[in-house]
Amino acid sequence: MFRNIIIIISFLFIIAIILPFLTVFLNVDYNLLFEISKSPEFLDAVRTTFLAALLATIIAIIFGIPFAYGIARYDFPFKSILEAIVDIPQTIPHTAAGIALLMTLGRSSAIGKTAGIIGISFVHTFWGVVAAMGFLSFSIFVNSVKEGFKKIDVRYEKVARSLGATPFKTFIFISLPMIKHEIITGSLLMWARGISEFGAVAILAYYPMTLSILTYDKFQGYGLKQALALTALIFIMSMIIFVIIRIIQNLWKYTESR
Amino acid sequence: MTIQLAEKYYNSNGLYEKFMNTKNRMVLKKSIDLIAYLEANEMDYAFLYKSEAFQHNLKYIEFPEEINLSSVKFEENYKKAFVEVPGKNGKKIKIYGKSINYGFTVLKNAPNKDLAIKFIKFMYSEKGKNIFKEKGMELFADVDNPENLPEDLKTLWGINLEIIIKDFIINLQHFSLKIDYLKINSGEYVYIIGPTGAGKTLFLESIAGFVNHNGKILLNNKDITRLPPEKRNIGFVYQNYHLFPHLNVRKNIEFGMKMKNIKDEDFFYYILKRLNIEHLLNRRVQNLSGGEKQRISLARALVTKPDILLFDEPLSALDQDIKSEILKLLHEINQEYKLTTIHVTHDKNEIINNSRVFKISNGTLMEEQYVQEYNYNY
């Protein structure tokens with residue numbers, strides 16, 4: 001009885017997830033889909049989206065790993081407040097975050113003016129997309145890595161120190177390799193989350209268009225039919241990406257169990 | 001056949017020189033487990049690293065019985081151990097444990113006693129002296145006071161590594177630990193016992209440099225209190241092994257050697273053989289037994305040639321039937337290398353009769369006259 005209830009609830013749950021996908025693929029105009037897939041504006045959007053998300057993730061890796069290590073290892077006043085601050089971008093509406101970013105990085109702001117001197121602008125540029133994606137999704141990466149560091153017994157690091165490793169070498173040769181799964185998973189999640197970012201990107205950098213902006217733009221300007229074809233394309237790409245991620249994860253499990 | 005092989009290695013690899021000090025004195029280099037291959041009848045002789053012998057499956061040859069020991073004396077205190085052998089003109093030559101570290105280590109261990117004595121005797125025989133003379137070396141002997149040994153000898157592994165802890169105070173929220181003075185002698189195996197939460201581990205980690213404290217820790221009269229852990233040269237073995245999960249057995253053991261830039265492959269293989277783990281070298285650390293893991297953890301500390309060894313509940317995570325085996329090993333290692341050892345435990349069964357025992361109670365350390373009731377059949 002209990003078993004059956006569980007199965008029925010799970011089934012309904014799965015249906016609720018799959019149904020929108022099915023609907024899209026049942027209603028889409030496949031000729032239009034092929035046409036759009038070859039159009040330069042679509043290919044540009046793909047490139048912008050994936051590159052910007054990648055760049056945002058790389059920046060998060062460079063700054064996020066030391067930060068996460070500090071949070072996980074050191075005790076200092078107001079640490080819990082600092083941890084909470086990291087999560088703020090996730091808890092506010094993304095459009096609001098976009099407005100905040102616009103004010104901080106806009107042409108009239110201090111940062112915007114300084115960046116303007118070396119020829120970088122954040123408003124309606126690729127860098128704006130990177131900034132918006134990074135700001136709203138870096139906490140996913142940081143939290144993943146932080147949990148990883150917290151999970152390692154500090155004694156591994158102590159043993160490494162007693163064996164002659166400096167703090168830096170301990171970090172590079174022991175701590176980092178031990179959380180490589182968290183780093184990779186966190187990067188992938190952040191990258192994927194960056195790709196789907198809409199609100200902040202729309203406000204800070206509507207152009208160059210990302211996939212989510214392009215979909216919205218098509219929907220507003222050309223109607224449902226165009227937007228639907230684009231949506232189907234994006235679904236296909238997402239599925240390919242996640243199948244690849246799953247394969248990678250399974251490969252890990254295979255090598256781990258050996 | 002064996003002799004020839006040994007000779008060959010001695011000639012081509014120059015192993016002979018390896019334990020010759022550059023200052024034209026004969027010393028047995030630190031950490032080297034030396035076996036003298038010697039056939040007494042003629043000038044057939046060779047010296048090998050024990051590990052070298054293991055590697056090439058050489059058996060060492062016993063000395064013939066006619067070499068007799070004239071006198072061996074060693075007092076309770078390891079520092080004062082010496083051998084007297086007849087020199088020229090009936091003069092007696094004293095050889096101190098300090099200068100023949102390994103020799104005396106063997107002396108204290110019954111099975112190899114004769115071998116060591118014979119080796120020392122040979123070194124001081126005319127034959128032996130001639131051999132050294134040919135090499136342009138002189139024997140190092142007659143040191144009445146080991147404190148006068150040159151610095152390079154003092155710092156050799158296993159020599160004169162007493163540890164002194166002074167005015168040690170640690171204050172934490174839930175407890176404090178105060179130690180006015182504690183001296184652990186060179187080569188001693190000391191137990192620290194106390195209930196869980198008494199601060200045993202914290203005390204050990206303070207010695208290793210992981211924990212800040214007020215107080216002074218002297219290693220060989222050198223203040224190491226402010227040194228970072230990686231500069232202290234202290235081996236640490238935890239209860240739960242803490243083998244690095246992303247490295248295999250070989251890389252785990254080699255880690256410290258790489259960090260400290262030690263390139264002594266002989267010693268590496270010797271330790272593997274000694275701890276009986278060489279067959280595990282290429283295994284992953286996850287699926288090893290507790291006993292194997294603790295041996296590897298011990299090997300990982302030993303190959304870096306630490307000055308002292310700290311054990312934090314080294315047996316607690318092991319199965320009952322392996323405990324006595326590992327405990328025996330820990331004491332043997334302590335004996336063989338005269339490696340000053342502090343063993344922290346909550347389990348009185350791990351204490352072996354003649355070791356000093358300190359108990360942490362009421363926030364301080366008390367030496368306890370421990371009367372053995374029962375132990376792991378050691």
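**Chat notes on the model**

A: Start with one pair: Lys158(A) is buried, and Glu205(B) is buried as well. Bear in mind that this is a predicted model.

Q: What do the side chains of Lys158(A) and Glu205(B) form?
A: A salt bridge, at 2.9 Å from N to O. Lys158(A) belongs to helix H8 of chain A and Glu205(B) to helix H8 (residues 200-208) of chain B, so the pair joins two chains.

Q: How many salt bridges does the rule find across the interface of chain A and chain B?
A: The rule finds 2 across that interface. Glu230(B) and Arg161(A) also meet through their side chains in a salt bridge, at 2.6 Å from N to O.

Q: Which helices of chain A supply at least two residues each to the side that touches chain B?
A: Helix H8 (154-162), helix H9 (167-178) and helix H13 (224-257). H8(A) gives the most to that side, with 7 residues.

Q: What is that side made of, by class?
A: The side of chain A that touches chain B has 10 nonpolar, 4 polar and 7 charged residues.

Q: How much area do chain A and chain B bury between them?
A: About 2100 Å², with 64% of it on carbon and sulfur atoms. In chain A, the residues that lose the most area to chain B are Arg155(A), Ser162(A) and Leu163(A), together 31% of what that side buries.

Q: How many residues are in contact on each side?
A: 21 residues of chain A are in contact with 24 residues of chain B.

Q: Changing topic. What is the secondary structure of each chain?
A: Chain A comes to 13 helices and 0 strands. Chain B comes to 12 helices and 15 strands.

Q: Which residues have the most contacts inside the largest nonpolar core?
A: That core has 100 residues, and the ones with the most contacts inside it are Phe42(A), Phe149(A), Phe203(B), Ile207(B), Phe244(B), Phe255(B) and Leu310(B). Helix H3 (residues 40-73) of chain A gives the most to this core, with 11 residues.

Q: What is Phe42(A) in contact with, leaving aside neighbours within four places in sequence?
A: Phe42(A) is in contact with Ile36(A), Ser37(A), Leu211(A), Leu214(A), Leu230(A), Leu233(A) and Met237(A). There is also a second, separate core of 42 residues, which includes Leu281(B), Ala301(B), Leu309(B) and Leu327(B).

Q: Why is helix H10 of chain B largely enclosed by the rest of the structure?
A: Helix H10 (residues 265-274) of chain B has 7 of its 10 residues buried, so the rest of the structure largely encloses it. The buried ones are Asp266(B), Phe267(B), Phe268(B), Tyr270(B), Ile271(B), Leu272(B) and Arg274(B).

Q: Which residue follows H10(B)?
A: Asn276(B) follows H10(B), and its phi is positive, near 60°.

Q: Back to charges. How many salt bridges are there over all chains?
A: The count comes to 22 by this rule. Among them is Asp44(A) with Arg47(A), at 2.7 Å from N to O. Asp44(A) and Arg47(A) are both in helix H3 of chain A, 3 residues apart, which is about one turn of the helix. Asp44(A) is partly exposed, with a relative accessible area of 38%.

Q: And which residue does Asp75(A) form a salt bridge with?
A: Lys79(A), with the closest N and O atoms 3.6 Å apart.

Q: Is Asp75(A) buried or exposed?
A: Asp75(A) is exposed, with a relative accessible area of 72%. Lys79(A) is buried, at 15%.

Q: Which residues are linked in a network of salt bridges?
A: Glu83(A), Lys146(A) and Lys150(A) are linked in one.

Note on methods
Residues numbered from 1 in each chain as written. Chains lettered and ligands numbered in written order. Predicted model: local features only at pLDDT ≥ 70, side-chain atom pairs only at ≥ 80, totals over all residues. Heavy atoms only, no water. Contact = heavy atoms within 4.5 Å. Buried area = accessible area lost by both parts, 1.4 Å probe. Salt bridge = Lys/Arg side-chain N within 4 Å of Asp/Glu carboxyl O. Helix = DSSP H or I, 4+ residues; strand = E, 2+ residues; numbered from the N terminus. Nonpolar A, V, L, I, M, F, W, Y, C, P; charged D, E, K, R; others polar. Core = buried A, V, L, I, M, F, W, Y, C linked by side-chain atoms within 4.5 Å. Buried < 20%, exposed > 50% of the residue type's maximum accessible area, 1.4 Å probe, protein only.
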